[in-house]
Amino acid sequence: AWVKATITPGQFDIAFQPIVGLEDRKVHHFEALVRLNDSPTSMNPYNFICFAEDNGMIATFDMALCRKLISRMKTFSKDGKILPIAMNISGRSIDSDAFIEELRDVIQETPDLHESLLFEITETARISDLARANNIITGLRDDGFHVCLDDFGAGQSAFEYLKALEVDFVKFDGQYVVDAAKSDRDKAFLSAMAGFCHELDSATLAVFIATE
């Protein structure tokens, strides 16, 4: 009941995490992160997303997030402060024809934001039809949006996704970055994954980078 009451009226907030380029140390874009208001102790943003996926509410939430983010971006644009912003979309939402139809309607209303909005496809829920998903991704890219494969390596289908989905960015799961700092073997593995992605013309992102 609390999750429904949070999603439907949009009773959540958005934080913006800067994503910084290693070559020039400038902000490349921001990632939109969900922040919950007055949530139960056990309900952090990750648990919130997983619960919504497991209970059939994630497409409704993803659309509520998209609408709120676009509204916020319009405000930023008027103030002349806009940089590209990435929002997450669950694999379950990608599987929903109704969600994709509504997403297309929403983004067609804001053609001036196309180059400023990125979509990150998450791995927390498996995509059932990868060929269909790639057609959707190709359509988004043709319309000027960039698409990222999020949390690469966190799920069992990582390389299957990478083979099937033509994306602009691949974001490595944070555990690979943590492990790479611990051993040469893990560092070589991360380097090899990055090289593989670059061969596929996908730029690479990583989280959990906290030291030089």
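Tutor: Start at the surface. Val 20, Val 27 and Leu 83 form a nonpolar patch there, with about 200 Å² of accessible area together. A patch takes residues with over 30% relative accessible area and no salt bridge; like charges are joined within 9 Å, and nonpolar side chains (Val, Leu, Ile, Met, Phe, Trp, Tyr) within 5 Å. Accessible areas come from the Shrake-Rupley method with a 1.4 Å probe, and for residues only the protein chains shown count as cover.

The model is predicted: local features need pLDDT of at least 70, and side-chain atom pairs count only at pLDDT 80 or more, whereas totals for chains, interfaces and linings use all residues. Residues are numbered from 1 along each chain as its sequence is written, and side-chain values use heavy atoms, with hydrogens and water left out.

Val 20 takes us into the sheet. Val 20 sits in strand β1, residues 12-20. Strands (E, at least two residues) and helices (H or I, at least four) are DSSP runs, numbered from the N terminus. With a relative accessible area of 41%, Val 20 is partly exposed. Buried means under 20% relative accessible area, exposed means over 50%, and partly exposed lies in between (1.4 Å probe, protein chains only).

Now the sheet itself. It is open, built from 7 strands in the order β1-β2-β3-β4-β5-β6-β7, with mixed pairing. Two strands pair if DSSP finds at least two bridges between them. β1 and β7 (203-206) stand at the edges, and each has a single partner strand, so one side of each is left without a neighbour in the sheet. From one strand to the next, the twist averages 30°. Axes are lines fitted to C-alpha atoms, for helices over the stretch in contact, and angles run from 0 to 180 degrees between N-to-C directions.

Strand by strand, then. β2 (residues 27-36) and β3 (residues 85-89) run parallel, joined by 2 bridges. Phe 30 has Ile 85 in β3 as its bridge partner. Helix α9 (residues 184-199) packs on the sheet, touching β5 (146-152), β6 (169-172) and β7. Its direction makes about 165° with that of β6. Contact means heavy atoms within 4.5 Å.

β3 is also joined to β4 by 5 bridges, and these strands run parallel. Here Ile 85 stands opposite Leu 117 in β4. Next, β4 and β5 run parallel with 4 bridges between them. Phe 119 has Val 147 in β5 as its bridge partner.

Glu 31, Glu 120, Asp 150 and Lys 171 are linked in a network of salt bridges. A salt bridge is a side-chain nitrogen of Lys or Arg within 4 Å of a carboxyl oxygen of Asp or Glu. Asp 150 lies in β5 and Lys 171 in β6, so the pair ties together parts that are 21 residues apart in sequence. Both Asp 150 and Lys 171 are buried.

The whole structure holds 9 salt bridges. One of them joins Asp 97 and Arg 132, whose closest N and O atoms are 2.7 Å apart. Asp 97 belongs to helix α5 (residues 97-108) and Arg 132 to helix α6 (residues 130-142), so this pair connects parts that are 35 residues apart in sequence.

Another salt bridge brings Arg 126 and Glu 160 together at 3.3 Å, N to O. Arg 126 is in the loop between β4 and α6, Glu 160 is in helix α7 (residues 158-164), and they are 34 residues apart. Arg 126 is partly exposed at 46% relative accessibility. Glu 160 is partly exposed too, at 38%.
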